[in-house]
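Hello,

Here is the structure I promised to pass on. Have a look at it first, and then read my notes below.

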Amino acid sequence: MHKVPEALSGARVIDPDQVCDAVAVLSDGDKVAEAATVLDVLGEVNRLSILLALQHAGDLCVSDLAVAVGMSDSAVSHALRLLRAHGMVTAHRHGRLVRYRLADGLPRRLLEVVSSVAVAPGHLHAHGGTDAEPAADRSDSA
């Protein structure tokens with residue numbers, strides 16, 4: 001049987017079953033705090049832009065990310081340090097070049113939701129896509 005926690009037995013409760021359910025879903029305080037941290041990190045436009053770029057364009061180095069999101073290399077590096085510290089991106093070396101990748105887990109799942117409303121539809125080159133404009137037309141405009 002569900003009950004309001006003993007520690008809260010003197011509190012004014014209108015619907016004890018609903019309170020019990022609410023307490024139950026919040027019982028893992030560490031996971032709730034982790035989710036809040038992820039949402040906090042995602043709540044800043046530059047970091048969110050970096051993460052969306054990584055999600056949709058794939059692994060990118062600092063200088064490519066800087067161009068893509070309109071930030072300086074040092075600002076991107078700083079944001080990536082924070083994102084790495086929170087386990088939202090990983091870095092891997094290719095020779096002298098370090099590329100960053102979106103980590104799996106909650107951030108990726110949240111970015112899928114954000115992408116559905118914030119990312120412009122289009123074809124992506126890095127994923128084998130093609131431009132909407134035919135290749136012959138592109139060569140004429142160059």
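A contact here means heavy atoms within 4.5 Å. With that in mind, V76 touches I50, V62, L65, A66, V69 and M71, leaving aside residues up to four places away in sequence.

Please keep in mind that this is a predicted model, where local features need pLDDT of at least 70, side-chain atom pairs count only at pLDDT 80 or more, and totals for chains, interfaces and linings use all residues. Residues are numbered from 1 along each chain as its sequence is written, and side-chain values use heavy atoms, with hydrogens and water left out.

Now the overall layout. The protein chain has seven helices and three strands (DSSP runs, H or I of at least four residues for helices and E of at least two for strands, numbered from the N terminus). Their order along the sequence is α-α-α-β-α-α-β-β-α-α. Of the 142 residues, 23% count as buried (under 20% relative accessible area, with exposed over 50% and partly exposed in between; 1.4 Å probe, protein chains only).

V76 also belongs to the largest nonpolar core, which has 24 residues (a set of buried Ala, Val, Leu, Ile, Met, Phe, Trp, Tyr and Cys residues joined through side-chain atoms within 4.5 Å). α2 (29-42), α3 (45-57), α4 (62-69), α5 (73-85) and β3 (97-102) each supply at least two of its residues, and α3 gives the most, with six.

Helix α2 also holds V32, which is partly exposed, at 41% relative accessible area.

Enjoy exploring!
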